[in-house]
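Please look through the model below.

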Amino acid sequence: MKHKTRLLITACAILASSETAIAQAPAERKAAQVSQPQEQGVLEDIVVTAQKRSERLQDVPIAITAVSSTAIERGRISTTQDLQLLVPSLQYTSLGTSATPFLRGVGSDIAMPNAEASVATYIDGVYVAHTVAAIQQLLGVERVEVLKGPQGTLYGRNATGGAISVITRTPMQELEAGGTLTYGNYDRIEGSAYLSGGIADNLVVGVYAAGSMRDTFVKHITPATTDQPDKEKSLAVRGKFVFSPTETLKLTGSIEHVEVRSPEGGTFRNVQSDSVLYNPLVFDQPRIIERRVAVNDHPSYSRSNQTSAALRTEADFDSVRLLAITGYRKSTFRLSSDLDGTQLPFLAIFGDQFGKQFSQEVQLLSGPGSPVEWIAGAYYFNQRAGFNPVTTLSNLLFPSPVTGLSNIAAVRTRSYAAFAQATVPINQFRITLGGRYTVDKKRIEDASSFAVDAAGNLVGAATPFPDEAKTWRAFTPKLTVDYKTGTTLFYATASKGFKSGAFNIATPADNGPVNPEKLTAFEIGSKSRFNGGRIAFETSAYYYKMKDLQVQVFDPSRSASALLENAASAELYGIEASLSATLTSELTLNTAVAWEHTRYKNYPQAAGFVTTPGDFNQSSTVDATGFKLPQAPEWVVSSSLDYRKELANGGIIGASGSWYYNDGFFWHTDGSRQKSYHLVKLSLDYTLPGEHIMLRAFVTNLTQAKRANSVFYTPTSLLYQEAEPRMYGITAIFTY
């Protein structure tokens, strides 16, 4: 109670004293233009679509961070995973190549098809279901909106933690062209280009492309016969059009293809110094525990291919607007990993994942002159995703001629939802009431297990498993009251979130499923500006109650490579504050801090490991009641300074620096922990007179912070997946 009382007192003091709320990084591109010119030094208004209509950020009663394209470019934010460096309450890690984002301590480490993330990802309003596909290349992006708290009303798939909404650049009638070229350490070569413009009075088209290649930053100690790639490569291309056949009808469509090849995506190294693998009486393997040095006998890499298409249909009538969003995505992924960290053929995995999804959303919105803002709609989602197959390999564990066990399974997901929300103004107050009713149907099908030999051939007969189906229903309401006085907006919200249940297709013999994750949230916040619009400040305080948290565990005693379970309940609360200010006409400051408290309220049978020096790690259970939730740092701070000065010759010099501090967190209930770390980024640029060419030098992770993308135990190892070391280079930017 003391923590809660202190939280509420602090929150009320902040809200009462604040003359302002956050303005995020100044919007410097067409994505965030305002209708009227801005005075020098005044923060620009950022326009967001968090409530499915265009609104100024400071008028939206939601905790949201909007990241402009300029902030993305200057901060070298390459993927959605990098957004955590700008949003302190976002902890974005990955397990292998699967996204495991946590927002305000709410997230999930389940890394398999049909298990959706607690923080949902959307590209131009289309939900991205597969957790591998959720780590998106930020190609030709206009802005990114990070919505905090449960999204149970307006967004297609319910999410307990929040949503990351990526809005790509829309081509304009005016001709635009540009590109970038980068060279950096690890022989990094990057390039991007775009070209857009009108080809008819009612048709505009844009093409956006990017590619990169660099050497791996991990040294692999492997046998000469191992096919281990040594370069990371990526390629992305998008075509987008806007067609307006009449004054009241507009069609916006896009097709995109992305390929990524990474030697680091499947690379883990064993950092358990007393592992049984190093015991001279058992395996007697050389103990090599060095940063960015991996020992493996099995090739370690990841590959992904994604093709997507989207169509946005907008029709304006006299008093209402009709909006339809159609989306399709096809994805294939391959992950190959050595999971023992030695040159012994002890434990490795090789898996192929696939996914196809189709979604259709229809919205009916009130027109601009309506005294009551309202929206109503329906949503349909269809996905089939699975393993084909995922294979566990071990020449030492399986009796000859068997060297591995393969599992094949797929899950068909069908979701139906109806939703509505209305905002009613009452004097200086606005009351927003909304809700969504969702029906999720999932069916595990075509599941089987079979033994394989060294060549991958079937040994004996396959073991089939029966198809199973499960249906879940949920109603997720939301109530918000906001009050505006002068330039300050106060708001209070109560809402519920829901994340669908999931089948365990990695181990179809023990397929679950786990029940849906549910969250009840209460939040208060404020937003305002002062000093003539030159300073902006935002605060928010929240309290969450969670039920049936979805958790992935490893339990060899039940002959399973992975198991899913529900943690009974948890409690989370915290405070966030952000400040943006133009200190001078040439210098801008952005800073944000997040503090959170998380605890399991009831989790008596949490799975974990007991480590014994020189022996196998033994699976065990622990009463995790009172433990901190995973990947929930107590304190996170981010801050940046940006300096721009025009020279007498018409050129512009610029410098940017950012600092990110994370005070550390637990990976799991087994006690594995990420220590605190600092990340520093710097850049220096010069824009030639005419503003068509810019040269920029940059460095990221200047201090070589020790951090991981994922950490987990196996019976023989504590596996650690390395995050990027220091990267630096020079970029040339061209615009027309």
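Which residue's side chain meets that of E176 in a salt bridge? The partner is R169, at 3.7 Å from N to O; a salt bridge here is a side-chain nitrogen of Lys or Arg within 4 Å of a carboxyl oxygen of Asp or Glu. E176 and R169 are both buried, where buried means under 20% relative accessible area, exposed over 50% and partly exposed in between, with a 1.4 Å probe and protein chains only. This is a predicted model, in which local features need pLDDT of at least 70 and side-chain atom pairs count only at pLDDT 80 or more, while totals for chains, interfaces and linings use all residues. Residues are numbered from 1 along each chain as its sequence is written, and side-chain values use heavy atoms, with hydrogens and water left out.

The whole structure contains 39 salt bridges. Another of them joins R443 to D467, with the closest N and O atoms 3.9 Å apart. R443 belongs to strand β24 (residues 429-452) and D467 to the loop between β25 (458-465) and β26 (468-485), so this pair ties together parts that are 24 residues apart in sequence. Helices (H or I, at least four residues) and strands (E, at least two) are DSSP runs, numbered from the N terminus. R443 is partly exposed at 38% relative accessible area, and D467 is partly exposed at 38%. E634 and K628 form a salt bridge in which the closest N and O atoms are 3.9 Å apart; E634 is partly exposed at 30% and K628 at 31%. Salt bridges also link D45, R56, D59, K484 and R529 in a network.

As for the overall fold, the protein has two helices and 42 strands. Its C-alpha atoms fill a box of roughly 75 × 55 × 55 Å along the principal axes. Of the 736 residues, 56% are buried.

L181, Y183, I189, M213, L688, I693, L695 and F734 form a nonpolar patch with about 690 Å² of accessible area together. Strands β11 (176-184) and β39 (693-700) are the elements that give two or more residues to this nonpolar patch. I693, in strand β39, is partly exposed at 33%. A positive patch is formed by K496, K518, K545 and K547. K496 lies in strand β27 (residues 488-499) and is partly exposed at 40%. Patches are made of residues with over 30% relative accessible area and no salt bridge, with like charges joined within 9 Å and nonpolar side chains (Val, Leu, Ile, Met, Phe, Trp, Tyr) within 5 Å. Accessible areas come from the Shrake-Rupley method with a 1.4 Å probe, and for residues only the protein chains shown count as cover. Lys and Arg count as positive and Asp and Glu as negative, with His and the chain ends not counted; a charge is placed at NZ of Lys, CZ of Arg, CG of Asp or CD of Glu.

The peptide bond from S400 to P401 is cis, with omega near 5°, and P401 sits in the loop between β22 (373-393) and β23 (404-426). Q631 is not a glycine, yet has a positive phi of about 50°. Q631 is in the loop between β33 (618-622) and β34 (635-646) and is buried at 4%.
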